[in-house]
Structures are given as structure tokens and as C-alpha cells.
Amino acid sequence: MNIKSIKKDIAIIGAGIIGCAVARELSRYKKTVVVVEKEVDVGWGTTKANSGIIHAGYSDKVGTARLNLSHSGNILFRKYAQELDIPIKNVGSLVNALDKSQIGVLEELLNIGKGNGIGSIEIIFNNENIKKIEPNISDKVCAALYAKEACIVSPYEAAIALYENASENSIKFLFDSEVSDIIYNKSANLFYIKTPHANVEASFIINCAGVFSDKIAMMIGDDSFSINPAKGEYLVFDTETYGFVNKINFSIPVGETKGVLVAPTVDKNFIIGPSYEKVDGYDVSTTREGLKGIRQKAEKLFPNIPYNSAITSFAGLRAASNSNDFIIGPSHVNNKFINVAGIQSPGLTCAFSISKLVVNILKDLGIKLRNNNKFMPVRKRLMKFNKENYEKNRELFKKDNQYGEIVCRCEKVTEAEIVEEIRKGANTLDEIKFRTRAGMGRCQGGYCTLKVMKILARELDVAFEEITKAGKKSYMVKEKIS
Ligand SMILES: Cc1cc2nc3c(=O)[nH]c(=O)nc-3n(C[C@H](O)[C@H](O)[C@H](O)COP(=O)(O)OP(=O)(O)OC[C@H]3O[C@@H](n4cnc5c(N)ncnc54)[C@H](O)[C@@H]3O)c2cc1C
């Protein structure tokens with residue numbers, strides 16, 4: 001096999017929300033950067049499997065990086081979501097007390113929030129007042145901490161937006177490139193990073209490998225931290241339930257977690273979860289017991305959850321470090337290797353504040369960062385079929401009649417959108433799914449999977465049997481019968 005050689009100033013390992021945000025931030029400067037990712041797309045680690053909340057910034061321990069970076073992260077996320085056309089909705093969050101003994105916890109969180117600079121945060125007393133903003137909440141909820149700045153976003157669309165904008169600004173992404181070894185050459189002052197299709201040389205490494213960041217650090221002999229993954233399971237409800245829940249609703253936090261939540265998604269579904277279970281290895285399975293546990297907790301907040309509208313379940317892995325805090329800084333083994341590890345919740349919220357911190361760390365190390373005058377901050381999503389405005393669709397249809405061909409009936413995704421994403425680089429079913437939502441609706445791809453596969457085969461000019469779900473060997477069909 002032909003192994004390429006790539007030489008850049010900085011290599012980022014991992015294209016989750018953190019690696020992508022760091023890449024985009026670095027594209028403001030005149031440095032050559034490569035992002036090395038083991039999957040065939042961005043955001044397929046923990047980034048695609050979380051609650052999708054941009055927290056206001058009150059729910060972590062005082063003195064932690066998790067708290068310190070969260071409120072500034074919230075402000076930056078809301079700003080950059082506009083610039084990058086990331087779907088975001090400012091719905092606000094409630095932490096709900098089920099009896100008076102829990103009000104003390106709300107007061108503690110209120111103080112943390114105010115200390116962290118949150119302006120719009122208050123405790124609402126009395127079930128009647130809470131029902132005014134959350135009509136289906138349990139009669140037993142007696143007080144709630146209301147933080148107006150909390151938002152919901154699509155986390156994988158955020159990663160895609162950052163990837164598209166960083167690429168436009170000359171950052172190189174290497175996909176399907178699992179890092180298997182790193183060697184440091186002291187005399188050349190260079191890291192040699194081994195991947196299956198390319199050898200990458202870089203002066204600096206930024207380790208953004210999520211639950212695998214301890215394994216990556218170990219490759220240079222840094223054993224200063226470990227990642228102990230904790231699984232969180234969710235149930236997702238159909239968009240027909242839109243309006244059942246308005247705000248991000250948490251129960252009172254317990255132990256390591258922010259509590260079980262019942263929250264809308266930016267795509268008009270709602271979710272309940274997550275569970276909390278320490279796991280060995282990469283376990284993202286959902287289980288009867290895990291889902292039963294979250295149901296019991298969610299029902300305490302919302303007794304009438306419409307389970308007949310549950311359409312799917314998923315699980316994500318928290319990259320919890322042994323210190324239980326983010327680990328962001330140069331490694332003690334080699335200060336040109338920067339760990340951005342232990343990025344569990346609220347890592348999504350902190351993506352932009354972390355990316356700015358990483359740039360400051362590089363500056364402190366003496367790396368000269370001159371402005372890239374060609375930096376383009378704005379990125380636009382593709383035009384989408386509009387479920388509410390059929391007049392707009394008529395205009396789209398006039399431009400391209402493939403906007404008249406609905407491929408995914410549940411999410412109303414047209415052939416034009418799928419073809420456009422393939423032209424932009426999508427090769428697999430999952431890349432199409434995360435970009436267009438084809439297959440994410442009530443029937444979970446029962447109707448559109450074959451249609452999307454046929455479009456992929458036609459546009460990529462490959463055999464139908466070569467289409468994969470997520471690259472590598474994830475073929476959808478085994479062989480052609482006739
Ligand atoms: C259940 C749950 C709920 C959460 N809810 C929220 C929330 O509502 N709000 C919030 O702010 N945060 C939340 N979080 C936290 C948030 O999801 C994470 O902090 C964030 O996604 C971490 O992003 P990341 O880029 O560090 O990791 P990842 O998304 O896991 O990215 C790491 C990347 O590194 C790649 N990689 C790993 N090893 C290698 C290798 N050897 N070679 C090449 N590439 C490699 C992986 O494939 C992956 O793409 C939640 C987390 C969980 C688990």
C-alpha cells in the first residue's frame with residue numbers, strides 16, 4: 001500500500017467537537033494544521049451521542065475547569081452558532097425540586113451560577129408558576145432553578161459546521177486514519193505519527209481523542225491520567241410530540257451526574273436520559289435495565305410521557321478522567337504535546353472556550369501565531385426542504401427539480417439535499433444521515449435506506465454492494481443475488 005507523508009506545524013488527533021473547534025480556531029492563524037481521525041467523518045465519538053445542551057454554567061464544582069469554562073463557553077457558542085449557521089435554540093433550563101428538602105440544592109446551584117457570571121438565573125417557587133412555562137411538569141415539582149441562557153443544539157451539526165469552515169480555511173482532515181503510534185525525534189524536534197495510510201510529521205500535537213486520549217498520551221509515555229468511561233443511555237421521541245416539553249428539565253443532580261433530563265431537541269424531538277454506568281472498553285449499547293432506570297426517573301418529572309412515540313434509543317460515553325475534571329495543558333513528558341482530555345460534560349458547551357484556551361497555551365509556549373488575513377469566519381448550511389413553508393419549497397423546486405423528490409418521508413428530505421451532500425464529499429449512509437436527517441425519523445430509515453443507497457451508488461458511480469453504513473467494512477448488503 002502507498003503510505004503518504006504529510007508534514008504540518010500542528011497535528012490534532014481526534015475530530016470530535018473539541019478537535020474540530022481547535023482546528024477552526026487555529027485556522028485564524030498562519031500555521032499548517034492537520035486533523036487525524038480514525039472514523040470516516042467528524043463527530044462520530046461522544047460528540048454525536050449526548051444531550052445537545054449548551055449549559056448556562058452552574059452545575060459543576062467551584063474551582064474546576066468544567067465550571068470555569070462553561071459560562072464563557074455558552075456565550076461563545078451562541079455567538080459562533082450564528083457565524084457558522086449551527087441550529088441552536090435558546091429555550092432555557094429548569095432544575096426541578098420534588099420536595100422542599102431539595103430547595104437548598106437549588107440555592108447552592110443559584111450561588112454557583114451567579115458566581116460564574118450568569119445574569120438570568122432565578123428560583124421559581126410554586127408549582128403553578130412553573131406550570132406556566134412547563135405545562136406538563138409533575139404537580140409535585142415545588143420549585144425550579146430557571147437559567148434562561150441554556151440552549152439546545154445539534155452537536156453533530158456543530159462538528160460538521162466547524163469541519164466545513166476549518167476546511168475552507170485550509171485545515172487538512174485525514175479520515176479513516178487511526179493513530180497507532182507516536183515517536184518523538186529530539187534532534188529534528190518533530191513528532192512522527194503513524195496511521196494506516198499516512199505518516200504525519202508535526203512540531204506540535206494536540207490530543208483531542210476523547211475516551212481514547214489516555215491511550216494517545218501513553219504513546220509518548222505520558223501516564224499522568226486515565227480515562228474511565230461512563231455510559232449514558234437515552235430514549236428519543238418522535239417529532240409528533242413537539243410541544244410536550246418546552247425547557248431543558250433536570251432532576252436534582254446526584255453523585256457524578258447532572259441528573260436525568262427531559263428536554264426538547266433542536267430538531268423537534270424530545271429525549272429522556274442519560275443513565276450513568278461505568279463501563280470497560282467502548283460500550284455504547286442500550287439495555288432494557290438502563291432505559292428502565294431513566295424512564296423511572298423521568299416519570300417523576302413528567303408523569304405522562306407518551307412512550308408510544310418513542311422511536312429509538314442511543315448511548316454515549318463520558319470521557320471521565322481520574323481527576324474528574326478537564327485536563328488541558330502541555331504534557332509533563334513533552335510540552336509540545338498538549339492534552340485536551342477528560343472532556344466530559346459540559347465539553348460540548350465549552351468547545352469554543354477550550355479552543356481559545358488551547359491557542360493561548362500555544363502562545364505561552366512561544367509559538368508565533370500570525371493572523372491569517374484570508375480567514376473566512378462565515379459558513380452556510382445547505383438549503384433544506386422546509387416542512388412549514390411550502391412557498392419556499394416552490395422556489396427551491398424551480399432552481400432544482402430534485403427538491404420535488406422526497407426521499408425520507410418522516411424528515412422530509414429531498415433528493416437534491418442528498419445529492420448535494422454527496423457532491424460535497426459524503427460517501428456513506430451515516431454521513432448522509434447526520435447531514436440531512438434522512439433515516440432519523442419515525443421509521444428510522446425503514447422507508448429511505450434503500451433509496452439513499454441507490455442515490456449514493458449512482459452519484460459515486462460504484463456498485464450498490466459497495467455502499468457502507470459508516471465506511472470501513474460496514475457493508476449494507478452481502479452480495480447481489482441476481
Ligand atoms: C451521556 C452524555 C451526555 C452529555 N451531554 C452533554 C451536554 O448536554 N452538554 C455538554 O456540554 N456536554 C455534554 N456531554 C459531553 C460532551 O458530549 C463531550 O464533552 C464532547 O462531545 C467531547 O468531545 P470530544 O471531541 O472531546 O470527544 P469525541 O467526540 O469522542 O471525539 C474524539 C475523537 O477522537 C477520535 N479518536 C480516538 N482515538 C483515535 C485514534 N487513535 N486515532 C485517530 N482518532 C481517534 C474518535 O474517533 C473521535 O472522533 C455529554 C456526554 C455524554 C456521554
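The model is a predicted one, so local features are taken only at pLDDT of at least 70 and side-chain atom pairs only at pLDDT 80 or more, while totals for chains, interfaces and linings use all residues. Residue numbers start from 1 along each chain as its sequence is written, and side-chain values use heavy atoms, with hydrogens and water left out.

D176 is found in the loop between β9 and β10 (181-185), and it has a positive phi of about 55° although it is not a glycine. With a relative accessibility of 28%, D176 counts as partly exposed; the scale used is buried for under 20% relative accessible area, exposed for over 50%, and partly exposed in between (1.4 Å probe, protein chains only). S170, in the loop between α6 and β9 (172-174), is another non-glycine with a positive phi, this one about 75°. S170 is exposed, at a relative accessible area of 63%.

D238 sits in the loop between β13 (230-237) and β14 (248-250), and its 7% relative accessibility makes it buried. Leaving aside residues up to four places away in sequence, D238 touches K268, N269, S309, I311 and R442, where contact means heavy atoms within 4.5 Å. P253 is 15 residues from D238 in sequence, yet the C-alpha to C-alpha distance is 27 Å.

Two cis peptide bonds also turn up in loops. One joins G273 and P274, with omega about -10°, and P274 is in the loop between β16 (270-273) and β17 (277-278). Another joins S345 and P346, with omega about 5°; P346 belongs to the loop between β20 (337-341) and α9.

Helix α1 (residues 17-26) and helix α9 (residues 351-364) have axes that come within 8 Å and cross at roughly 55°. Axes are lines fitted to C-alpha atoms, for helices over the stretch in contact, and the angles between N-to-C directions run from 0 to 180 degrees. α1 and α9 are therefore oblique to each other, given that angles under 35 degrees count as roughly parallel, over 145 as roughly antiparallel, 65 to 115 as roughly perpendicular and the rest as oblique. On the α1 side the contact uses I17, I18, A21, V22, E25 and L26, and on the α9 side A351, I354, S355, K356, V358, V359 and L362. By class, the contact of α1 with α9 has 10 nonpolar, 1 polar and 2 charged residues; Ala, Val, Leu, Ile, Met, Phe, Trp, Tyr, Cys and Pro count as nonpolar, Asp, Glu, Lys and Arg as charged, and the others, Gly among them, as polar.

The buried residues of α9 include F352, S353 and I361. After α9 comes G366, with a positive phi near 95°.

Helix α11 (residues 415-424) packs with helix α12 (residues 429-436) at an angle of about 120°, the axes being 10 Å apart. That makes α11 oblique to α12, and the crossing is right-handed. E417, I418, E421 and I422 of α11 make the contact with I432, R435 and T436 of α12. Sorted by class, this α11 and α12 contact has 3 nonpolar, 1 polar and 3 charged residues.

α12 is mostly covered, with 7 of its 8 residues buried: L429, D430, E431, I432, F434, R435 and T436. The cover over these residues includes α6 (155-168), β22 (413-414), α11 and α13 (449-460). R437 follows α12 and has a positive phi, near 80°.

For α11 and α13, the axes come within 10 Å and cross at roughly 45°, so this pair is oblique too. The crossing of α11 and α13 is right-handed. E415, I418, V419, I422 and R423 of α11 meet V452, I455, L456, R458, E459 and L460 of α13. The contact of α11 with α13 has 7 nonpolar, no polar and 4 charged residues.

Note on methods. Helix = DSSP H or I, 4+ residues; strand = E, 2+ residues; numbered from the N terminus. Left-handed = near helix turned anticlockwise from the far one by under 90°.
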